[in-house]
Amino acid sequence: METAWLVALVALLSLNFSINAVDTVYDDRDHEHSKPPDEIIAEAGYPVEIHTTITEDGYILHMHRIPHPRGEGYNSSRPVVFLQHGLLSSSADWIIMGPGTALAFILSDAGYDVWMGNFRGNTYSHDHVDDSISKKDYWTFSWDELGRYDLPTMLKYVMEATGQSTYYYIGHSMGTLSYFTACNYHPWIAESTRLMVGYGAHTSVYHMTSPVFRFLAPYIDNIQWLFNLLGVYEFLPSNFLMEFLAAEVCDEETISQVMCRSIIFLMAGYNQNEMNNTALPYILGHTPAGTSTWNMVHYAQSATKLGWIGLDYG
């Protein structure tokens, strides 16, 4: 009875939201706190470029680049560093804190040619070469496809554009999982990497403490079946669903706070001592940046099944 009640509630809330998903999520974000990366970089006085590449399976990906520091020019000998975001995030993660604090600016000031990738389905990589592709087909992917197609496509492009045969790689969370997965499919990626740095690096997540994933994981088989049946393919949670999850996983001291209504904090947890409250509006202005429901299902499966395994589509 409890399982059926939870599945029905989550499905109905998500279906209700899926009709007007984009309007609900993005219209509430003021421009000041949700500027695109190229605008943020340009306003900081750095050179910026937007590069586009296409995966083998037709997804159009956009990357942001800071080719050199302020006041300097192009230099083909600059070492290349590639930054890849985590789950529900985007290239904005690396620059929203501004010069002197954000990693992309720090690396640029240190003389690196900085590239920032965007995985399929997020705010800046939301297109496909087939304009008629169905929502179901477009959103049928998980981190396995990100490692198999997206990451090698972007890294190949960067190497060709810069003429460099090697690069430094820095990933956060899913940006590390996709890297390890990509190395499994494409040995050249590891061979071309001068150094890989991982923040929150992982291949399996059965030790995760995420409030939401731990809460939903036991029901994930039923939820994935219902999501697929109802056509809920893009993961864009409704305000009503956020209220429900907040009530289930937040304590009395934090339940009324804004971070308890954000999927990013409901997933990753919140630590007041490690949070810069000034940055909070900018973080919430850029996340969630979007992903597929299947990707979330894959993570939830990983919380209950041991090992680094592919997605079970049921």
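**Exercise 1.** Identify the residues with the most contacts inside the largest nonpolar core, and the element that gives the largest share of this core.

*Solution.* The largest nonpolar core has 35 residues, and Phe-82, Leu-151 and Tyr-299 have the most contacts inside it. Such a core is a set of buried Ala, Val, Leu, Ile, Met, Phe, Trp, Tyr and Cys residues joined through side-chain atoms within 4.5 Å; buried means under 20% relative accessible area, exposed over 50%, and partly exposed in between (1.4 Å probe, protein chains only). Elements giving two or more residues include β3 (80–84), α6 (143–162) and α14 (293–304). The largest share, 7 residues, comes from α6. Helices (H or I, at least four residues) and strands (E, at least two) are DSSP runs numbered from the N terminus.

The model is predicted: local features need pLDDT of at least 70, side-chain atom pairs count only at pLDDT 80 or more, and totals for chains, interfaces and linings use all residues. Residues are numbered from 1 along each chain as its sequence is written, and side-chain values use heavy atoms, leaving out hydrogens and water.

**Exercise 2.** Locate the partners of the salt bridge between Asp-150 and Arg-120, and state whether they are buried or exposed.

*Solution.* A salt bridge is a side-chain nitrogen of Lys or Arg within 4 Å of a carboxyl oxygen of Asp or Glu. For Asp-150 and Arg-120 the N to O distance is 2.7 Å. Asp-150 lies in helix α6 and Arg-120 in the loop between β4 and β5, so the pair ties together parts 30 residues apart in sequence. Asp-150 is buried, at 0% relative accessible area, and Arg-120 is buried at 2%.
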